[in-house]
Amino acid sequence: MKPVTVLEAIDQALAEEMAHDPRVILMGEGVATKRKALLAEFGADRVRNTPLAEGIIAGTAVGAAATGLRPVIDLLFAPFLCYAMDELVNSAGKLRYLSGGQFAFPLVAIAMTGAGWGVGAQHNHNIEAWFVHTPGLKVVMPSSVADFKSLLKAAIRDDNPVLFFVDIGLAHTEGELPAQEAAVRLGEAVVRRIGEDATLISYAKTVGVCERAAAVLAEEGVSAEVLDLRTLKPLDEAAVLASVRRTGRAVVVHEASRNCGVGAEIAAMLTEQTWATLKGPVLRVGGPDAPAPASYPLEQAYVPQVEDVVSSVRRLTRSAAAA
Amino acid sequence: MLAEVNVTIRRFGADPLELLNTMMLIRMYEERAALLQRESGAPGTCTAVGQEATAVGVVAALGVDDLILTNHRSAGHLLARGASPSRLLAEALGRRDGYCGGKSGSLHVSARDLGVVLTSTIVGGELALATGVALSQQMLGRTGVVACFFGDGAACEGRFHESLNLAAVWRLPILYVCENNEWQAFVHRRETMLTDSVAAWAQPYGIDSATVDGNDVEAVRAAATEALASIRKNGRPFLLEAQTYRLRGHFEPDDQGYVDQQELASWRLRDPLSKMQARLLDQGIIDQAGLDALSVEIAQCIDAAAVFAIASPYPAVAELHTDIFA
Ligand SMILES: Cc1ncc(C[n+]2csc(CCOP(=O)(O)OP(=O)(O)O)c2C)c(N)n1
Ligand SMILES: [Mg+2]
């Protein structure tokens with residue numbers, strides 16, 4: 001099979017789900033302009049350009065989702081979600097609960113984020129943890145071409161509001177799609193590399209960083225497992241716990257700021273639930289508490305590097321050896 | 001999960017007594033809710049005392065297929081649509097038999113079976129959701145119009161402007177109903193906007209609008225009927241501004257110490273209930289004895305609602321974790 005990029009995989013997922021279910025519609029600034037094939041196939045009624053107004057795009061999606069449609073909205077870059085927070089957080093996340101279960105909100109909000117294009121902090125801000133901290137929302141952040149496709153399809157079929165983050169750095173990555181597509185459910189992590197001495201827990205672009213770190217560590221005789229969370233909410237706690245109970249060491253790696261990030265939650269969960277089997281502290285490798293800079297060397301310094309992950313694992317294995 | 005209940009959308013017909021009766025029900029309901037707050041430690045609540053004619057006039061003009069989005073001051077809209085005062089009061093008290101199982105309280109009550117969908121207490125929130133509800137109506141071939149109630153304060157939110165613009169561009173079937181009650185919580189409207197007319201803000205977006213005396217229930221009903229006809233005929237949204245006044249405070253309890261007493265007194269003279277009662281007495285449609293009997297009947301209904309609501313159990317603690325995800 002011919003390799004496809006992440007962006008092409010997303011288009012394929014959209015096309016297949018729109019063909020599968022006539023209630024699926026796509027809205028956003030320029031979606032009808034940029035996704036010509038979808039427009040041609042499904043028409044202007046279902047592929048809609050919108051005004052530049054993220055709040056009303058999201059609100060329209062929320063209202064439509066509650067009353068029979070299954071909207072997908074492309075909000076372009078994650079920082080623009082700030083204009084749509086009320087609709088996503090206060091309406092999509094809460095009105096099912098506050099209404100005693102009278103409504104469901106099957107909608108997907110897609111946004112890009114992450115280092116790689118030097119676009120700076122108003123286009124690159126990894127805010128996925130905000131939504132993990134918000135009740136009623138699901139959060140997906142894939143790392144592989146195949147997952148972008150299958151998880152977007154799963155998100156569209158889910159009856160809940162899903163934030164679907166696309167790591168900019170992966171947008172043009174190519175990969176093969178399996179001939180027989182596995183139906184992935186939201187909330188399932190996957191082991192990317194099996195290991196015994198430490199678990200590297202990550203998602204999105206930094207899964208690749210962890211895989212390269214694991215290769216370096218292998219040369220030193222350290223066998224690191226790489227766990228790709230794929231979905232941040234619901235979190236596959238069972239997979240995280242099972243791996244760390246085996247390896248006894250864990251490093252959580254993400255590009256988002258370390259403070260109050262997903263890694264903090266996972267570290268706390270591991271401390272609470274695997275304390276007896278831990279051979280050292282759960283370490284975190286993450287971005288600084290700073291806006292993402294545009295300048296290339298600064299942007300690179302922002303994101304976790306292979307060396308950061310390797311040295312974290314060394315710290316854990318060596319302190320155990322010394323003890 | 002909510003208990004199954006029989007709900008019926010109230011059909012008004014053209015009966016002026018039904019309009020009056022419904023306004024009286026709303027008035028007594030809200031005064032009882034305020035009393036329960038004052039004397040029995042019930043949670044605070046927003047009333048719309050003085051605005052009953054707007055709620056009843058608009059809802060009376062709606063058809064059974066039309067939908068309603070509302071906000072924090074929603075009791076009038078819900079009761080006019082046929083909500084049970086017992087279940088509404090139970091909701092306000094956070095009880096199991098409330099419309100939302102007690103999880104909403106008084107501030108975001110929706111009742112899907114009555115077509116009262118997606119109530120938001122975020123000022124302006126319902127304006128952002130209305131476009132989506134109307135898009136569903138349009139795309140799924142449903143004929144019902146979406147009536148969206150909001151205040152003059154909400155008209156100062158960006159979402160109001162975003163909503164009108166999108167609704168105009170996409171020709172969405174929305175009846176925007178601005179209840180201009182002169183107050184935005186504790187701030188008078190004069191301090192926050194240079195215009196006296198929210199309706200005038202609709203025109204630049206390409207939306208037809210009208211202004212009506214929001215304290216005259218028959219005038220509101222007539223204006224809303226015309227607005228709905230215009231939406232159905234032209235396939236475009238419409239904004240109806242009802243000029244009215246919030247006679248009680250923003251949120252119970254509220255001593256209204258910040259309110260200009262002269263202004264308040266002048267609006268008390270325009271009380272929508274007295275106005276309709278005087279009119280019907282004048283026209284001989286009802287006599288004083290009939291009015292008194294009606295009052296007693298509604299008071300008994302509200303008494304029964306209070307007994308029901310107070311007797312309704314609180315939700316089980318396990319409900320904390322239900323209805324989060326579908
Ligand atoms: C976004 C937001 N800001 C502030 C509030 C607090 N608040 C609740 S009602 C209200 C006044 C709203 O005024 P208006 O829109 O005129 O409606 P009214 O209460 O007069 O019916 C305010 C400020 C809120 N609920 N939501
Ligand atoms: Mg007001």
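These are my notebook entries on a predicted model with chains A and B and ligand 1.

**Conventions.** I number residues from 1 along each chain as its sequence is written, and chains are lettered from A and ligands numbered from 1 in the order in which they are written. In this predicted model local features need pLDDT of at least 70, side-chain atom pairs count only at pLDDT 80 or more, and totals for chains, interfaces and linings use all residues, while side-chain values use heavy atoms, with hydrogens and water left out.

**Domain record.** I looked up the UniProt annotation for chain A: an unreviewed entry gives "domain: Transketolase-like pyrimidine-binding" for residues 4–172. Such annotations may be inferred rather than shown by experiment. Over that stretch I read 41% helix and 20% strand, with the end C-alpha atoms 9 Å apart. Helices (H or I, at least four residues) and strands (E, at least two) are DSSP runs, numbered from the N terminus.

**Interface of A and B.** I find 43 residues of chain A and 40 residues of chain B in the contact (heavy atoms within 4.5 Å). The two chains bury about 3400 Å² between them, 63% of it on carbon and sulfur atoms; this is the accessible area (1.4 Å probe) lost on putting the two parts together, summed over both. The rule finds one salt bridge across the interface (a side-chain nitrogen of Lys or Arg within 4 Å of a carboxyl oxygen of Asp or Glu). R159(B) and E87(A) form a salt bridge through their side chains, at 2.5 Å from N to O. On the side of chain A that touches chain B, helix 4 supplies the largest share, eight residues.

**Ligand 1.** I count 15 residues around ligand 1, the closest being H72(B), R73(B), G153(B), N181(B) and W183(B) (a heavy atom within 4 Å). A backbone N or O atom of G153(B) is 2.7 Å from a ligand oxygen. A polar backbone atom of A154(B) is 2.8 Å from an oxygen atom of the ligand, and one of T121(B) is 2.9 Å from a ligand nitrogen.

**Backbone.** I checked the cis peptide bonds K233(A) to P234(A), omega near 0°, and E252(B) to P253(B), omega near -5°. L76(A) has a positive phi, near 65°, and sits in strand 4 (residues 70–77) of chain A.

Note on methods
A polar contact is a pair of N or O atoms within 3.5 Å; within protein, one must be able to donate a hydrogen and the other to accept it, and residues adjacent in sequence count only if both atoms are side-chain atoms.
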